[in-house]
Amino acid sequence: MVFNINAVLPELILSAGILLIFFLDLIKERINLSILSLVGFIVCILSALSTFHVRYPASAFFNGFKVGSAELVAKMLIYLVTSLVFLALYDFYKRKGSEYGETIYIILTSALGLSFMLSSTNLAIIFVGLELSSISLYIAIALYRKEYFSKEGAYKYLVMGAISTSMFAIGTAFVYLAIGTMNITSPQGFNPIISLGISFLIFALALKISSVPFHFWTPDAYAGAPTPVTAYIATVPKIGYYFLLAKLTLLLFPSFKEWYILVGVLAVITMFYGNITAYAQKSVKRLFAYSSIAHAGYFLTAFTSTDKFLMTSALFYVFVYSLATLGVFTILSILEKEDGWKNNFEEFKGLFYKRPFLAVNLALFLFALIGIPPMAMFVGKLGIFIGLVSKEMWILGFLFAIASLISAGYYLKLIVYMFLERGEGEIKAPVSVGEMLTLNTCSLLTLIFGIYPKPLFDIILRSI
Amino acid sequence: MENILTLMIFLPLVGALLIGIIRSPQASKIISLVFSFVTFLLSLVLLANFDFNKEGFQFVKKINWINSLGISYHVGIDGMALLLIVMTTFLFFCAFVWSWRIEDRVALYHALFLMLETACIGVFSALDFFLFYIFWEGMLIPMYFIIGFWGHERKVYAANKFFIYTFFGSLFLLLGLATIIVYGVVSKGVFTFDYITHLKYIDYPRWIELLAFLLFGIGFAVKVPMWPFHTWLPDAHVEAPTAGSMILAGVLLKMGTFGFVRYSLGLFPEASEFYIPLIFLLSVIAIIYAAMMAIAQTHIKRLIAYSSISHMGIVTLGTFALTEEGINGAIYMMIAHGLSSAALFMGAGFIYDRIHSYEIKNLGGLARYVPVFAVLFMISGLASIGLPGLAGFVAEFLVLLGTYKNHPVWAFIAGTGMILGAAYFLYMYKKVMLEEERISDAVREKWMKLRDVEMHHLIPFVMIIASAFLLGLYPYPFVKIIGHTSQLILGG
């Protein structure tokens, strides 16, 4: 069938939602941002639900668009996390006096781009999806009234992103040169050009997931962006990129025999650089940017082999990491509503005595990020350990262990500031209903998937 | 009957949740007393129903948990775990009684201790590696906050040091677990975290054993702590509140030695034999070096902490003697040291409560002002240095006997180290309790008004001392229960 409506159902709903919000924003001069974000939330939930009604495997647009089980799982996770982002977003913008309706549909557009990116085996279409999501992100970062640093972050991200774009394009071209098609398939025989193509694709994606040495945009974009948008860029696109990486690793990368060395080296320098540099940070927001870089290194270790178990562990890890990170940035955005809040460590002194709810939740996420059971990240870490050892990559497993040990220190530093020091003054920043919902969902899911990871783990394992 | 163990693991956690809901200081004290007491009673039920003629684990409960990773909820106990659980619940009850007068953030304090109790009982009863590891790590967060919140001046430093050290060990333990689990998959095609399956059906080749033993060993050695991984312990003890020190010395350290007996000896018999010289060397260094360090201390708690390291050296020595007496003695030592070190830390805590100093130079001649306490402290110390008739003696005797059988030279060196044990305690006691001329008249005047032990001090002291006498005078049933484990290990 040329045009299969059923296959693009989630994307259709998403597009309709984008148009709806666009018109709502257009018709009324100053529409309430909370209504728009509620619409965005509903659209995301509907799209997530609609993934259950897609019959797979299916294709549309002359085979340019393909859905299988892995794509559907990825999309569902993306929509779910995006919906949580919307819940946590409106109150921040309102109190900062930066109510742009555009923010909502731009974020939706980015999610749409990610789902197009995931539902294709054609590198050209993947490229278009990737760009759609990235360009939306540049705009979303810059949409922050009277805030210089958000523009700077967006600009930096744009320039670095353009490098990634061109690397992806040239990688695609080389792959096309080597195998004569843009579809991701393994070529017949060996062609040295393909190694060049694959290396460029890896570098392009490495920049997107902020792996060292392509990470320079991350701290500035994270710190400059309005915090709810940071929450988005730190979580949802990551899920998309790693699912794409999983697909490319399974289907294309092995044609370049030494690809795993490249990824392995990237992984090691990323996790060590991220974890060590994190110690030098004075701003908590930048700290989490570096923690996100370090995690990119952890996740990359799993993409050094085509082992499905290893990949499942990594994808599971990515998802629960997104939940914890979303929770962290939600807390930061709540605190940022306080006048003159700069996200410095000093300001977190005695948070436990001022705002016990926020401090306890943040501590939960921090312990989860360290990888302490029974939080879900531990299951992901354990899976990667076992996977690496079973593939006899002892060194990588060992370095992973060392890196996560190093990371414990800076997370603990924040815990020390919050719990063991006494600070002065009060923090009055209010918590909106939406933020409360997001926060509780994140912390509950982090715990639940830690104690009972079976359903999610099995779903991912069976889908890829 | 099979559900009692599960009930015991989660009962304290329920108590912690209850405290979280109620939050009243007075109620939280009562809740934790009631819950810890009920848990203790349940552990006695286990003790009464334990059949030590039956081989293998008892009170076993197994429920599927995460099938795709081969993880199940699997608990059960052998003789060693049984005694350690009884001691754990007993010490927690004592710690709660001791904490009756605490005033700072009471609800949080009790909730954290109850969570800690869940983790401790869980570690001793888990038969699944994943479950074991969860409890093993689960103890980290409550203890971190107990030291960090209620500690003394350098509490943040000590808490962080404790966390990082322990986490360091745990990561190696995790790598070790991954190694043997992967070997299970590769060799037999079974993806399982189950301890018993690994123990009975999977034989590791020599190089896997040697590697995994080291990885596990680092994890356990940090917790024990063995020399040279011991430096976190004195700091943690010095800074921790009294009840925290009691649990740290009494229960948490035993997790490491328990791990050596249950996992290292059980799973890697060949490697255990291979590493005997290394372990013996580290143990003997710990025994002698820590004892000498203890003599040099001027801080009561630091002194007791070093004595703990020294005693733990005796435990590892006995464990790796690989004779029945040696292992029996090691496990006996775990119990005996758990009781005596908790009592000593209570003593140090009492002195701090009254005088507000741990420094030996500020103390002297206390026996005149707090006579009842002086007696209790003396008996606790004698239990620790292994006076015949008290628990420590049986343990040390068994360990030396067991080691002497195969390794007489090592036994001789370790024996000389044990003599130092008597030296540091008696030296400290003499200075703190007896030497009256060291204190000025003004202080004397002040100390005339010191109150002797109160009820909430006396109850735990008497309970612990009574059990130390019981273990010292009538060791037969306990050795019999412990023998259940050592036969399991040496026979298999």
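A crossing of two helices is called left-handed if the near helix is turned anticlockwise from the far one by less than a right angle. In the predicted model described here, the crossing of H7(A) and H9(A) is of this left-handed kind. Helix H7 of chain A spans residues 148-179 and helix H9 of chain A spans residues 217-224. The two pack at an angle of about 145 degrees, and their axes lie 8 Å apart. On the side of H7(A), the contact is formed by A:Phe149, A:Ser150, A:Glu152, A:Gly153, A:Lys156, A:Tyr157 and A:Met160. These meet A:Trp217, A:Asp220, A:Ala221, A:Ala223 and A:Gly224 in H9(A). By class, six residues of this contact are nonpolar, three are polar and three are charged.

The largest nonpolar core comprises 387 residues. Helix H13 of chain A (residues 308-336) supplies the largest share of this core, with 20 residues. A:Val85 and A:Ala314 have the most contacts inside the core. Leaving aside residues up to four places away in sequence, A:Ala314 touches A:Tyr242, A:Phe299, A:Ala302, A:Phe303 and A:Ile384.

The contact between the chains involves 25 residues from chain A and 28 residues from chain B. On the side of chain B that touches chain A, two or more residues each come from helix H5 (129-138), helix H6 (140-150) and helix H7 (155-188) of chain B. H7(B) gives the most to this side, with 16 residues. The side of chain B that touches chain A consists of 20 nonpolar, six polar and two charged residues.

Terms used:
Residues are numbered from 1 along each chain as its sequence is written. Chains are lettered from A and ligands numbered from 1 in the order in which they are written. This is a predicted model: local features need pLDDT of at least 70, side-chain atom pairs count only at pLDDT 80 or more; totals for chains, interfaces and linings use all residues. Two residues are in contact if their C-beta atoms, placed from the backbone, lie within 7 Å. Helices (H or I, at least four residues) and strands (E, at least two) are DSSP runs, numbered from the N terminus. Ala, Val, Leu, Ile, Met, Phe, Trp, Tyr, Cys and Pro count as nonpolar, Asp, Glu, Lys and Arg as charged, and the others, Gly among them, as polar. A nonpolar core is a set of buried Ala, Val, Leu, Ile, Met, Phe, Trp, Tyr and Cys residues joined through C-beta atoms within 7 Å. A residue is buried if 20 or more other C-beta atoms lie within 10 Å of its own, exposed if 12 or fewer, and partly exposed in between; C-beta atoms are placed from the backbone. Axes are lines fitted to C-alpha atoms, for helices over the stretch in contact, and angles run from 0 to 180 degrees between N-to-C directions.
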